[in-house]
Amino acid sequence: MLEKVYAYTDGACRGNPGPGGWGVLLRYGEREKELYGGERETTNNRMELTAAIRALESLTRPCKVCVVTDSVYVTKGISEWLPQWVKRGWKTANKEPVKNVDLWQQLETARLRHQVEWKWVKGHAGHVENERADRLANKGVDEILNLPNGK
C-alpha cells in the first residue's frame, strides 16, 4: 500500500521575468516538511513547475501524491496539454516549440515514479496550505535578492 502524501506547491516572481522562488509544503499524516529555493532570472511559470518537480523528486520512495497548486498552467499542462505535446515531439498545436520544455520533461519523469493526482485551488484565497507554499516561494525570492551582487 502506497503512502498518501500531500504536496502544496507555489511559485513567485518579482518581475516576469525577474528573480523568482518556489515553495513546497509536504504533508504525510502529521509530519510536514518545507522546501524552497529561488533563481535570479526566471518566470512565474518556471517557478510553478519547479515547485511541483521538487515536491515529487524529494520523495524517497513511490507514493500516492496529491499535488495542490494554484497554477492553471501546471494543472492543465500536465493533464491536458502534455500528452499532445509528447505525440507531436514537444511541439504545440501551432507547431511551435513548447515553452519550458526542459521543466515539463523533468516533471513528466518525476511523476512517473508516483501515483499523482493534480488539484487546483484558487490562489490568495485563504487556503492555509497554499498560503504557506506562497510564503515559502517568496522566502526563496528574498534569499536570492539578499545574495551578494543580487538585484
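Biologist: On what basis are residues numbered and values counted?

Modeller: Residues are numbered from 1 along each chain as its sequence is written, and side-chain values use heavy atoms, with hydrogens and water left out. Because this is a predicted model, local features need pLDDT of at least 70 and side-chain atom pairs count only at pLDDT 80 or more, while totals for chains, interfaces and linings use all residues.

Biologist: What span does helix H4 reach from its first C-alpha to its last?

Modeller: Helices (H or I, at least four residues) and strands (E, at least two) are DSSP runs, numbered from the N terminus. Helix H4 covers residues 128–145 and has 18 residues. The expected span is 1.5 Å times one less than the number of residues. The expected value is 26 Å, and the span of H4 is close to it, at 26 Å.

Biologist: Which strands are included in what covers the buried residues of H4?

Modeller: Buried means under 20% relative accessible area, exposed over 50%, and partly exposed in between (1.4 Å probe, protein chains only). The buried residues of H4 include Glu129, Leu136, Val141 and Ile144. Their cover includes strand S1 (4–13), strand S2 (18–28) and strand S3 (31–42).

Biologist: With which residues is Glu129 in contact, leaving aside its neighbours within four places in sequence?

Modeller: Glu129 lies in helix H4, and at 16% relative accessibility Glu129 counts as buried. Contact means heavy atoms within 4.5 Å. Apart from neighbours within four places in sequence, the contacts of Glu129 are Tyr8, Leu25 and Arg27.

Biologist: How far apart in space are Gly20 and Asn138, C-alpha to C-alpha?

Modeller: Gly20 is found in strand S2 and is buried, with a relative accessible area of 0%. Leaving aside neighbours within four places in sequence, Gly20 has contacts that include Val141 and Ile144. Gly20 and Asn138 are 118 residues apart in sequence, and their C-alpha atoms are separated in space by 7.8 Å.

Biologist: Are the rings of Trp81 and Trp85 stacked, tilted or edge-to-face?

Modeller: Rings of Phe, Tyr and Trp (its six-membered ring) pair if their centres lie within 6.5 Å; planes under 30 degrees apart count as stacked, over 60 as edge-to-face and the rest as tilted. A search of the whole structure finds 6 aromatic pairs. The centres of Trp81 and Trp85 are 6.0 Å apart and their planes lie at 45°, so this pair is tilted.

Biologist: Are H2 and H3 roughly parallel or roughly perpendicular to each other?

Modeller: Axes are lines fitted to C-alpha atoms, for helices over the stretch in contact, and angles run from 0 to 180 degrees between N-to-C directions. H2 and helix H3 (residues 101–111) pack at an angle of about 90°, with their axes 11 Å apart. Angles under 35 degrees count as roughly parallel, over 145 as roughly antiparallel, 65 to 115 as roughly perpendicular and the rest as oblique. H2 and H3 are therefore roughly perpendicular.
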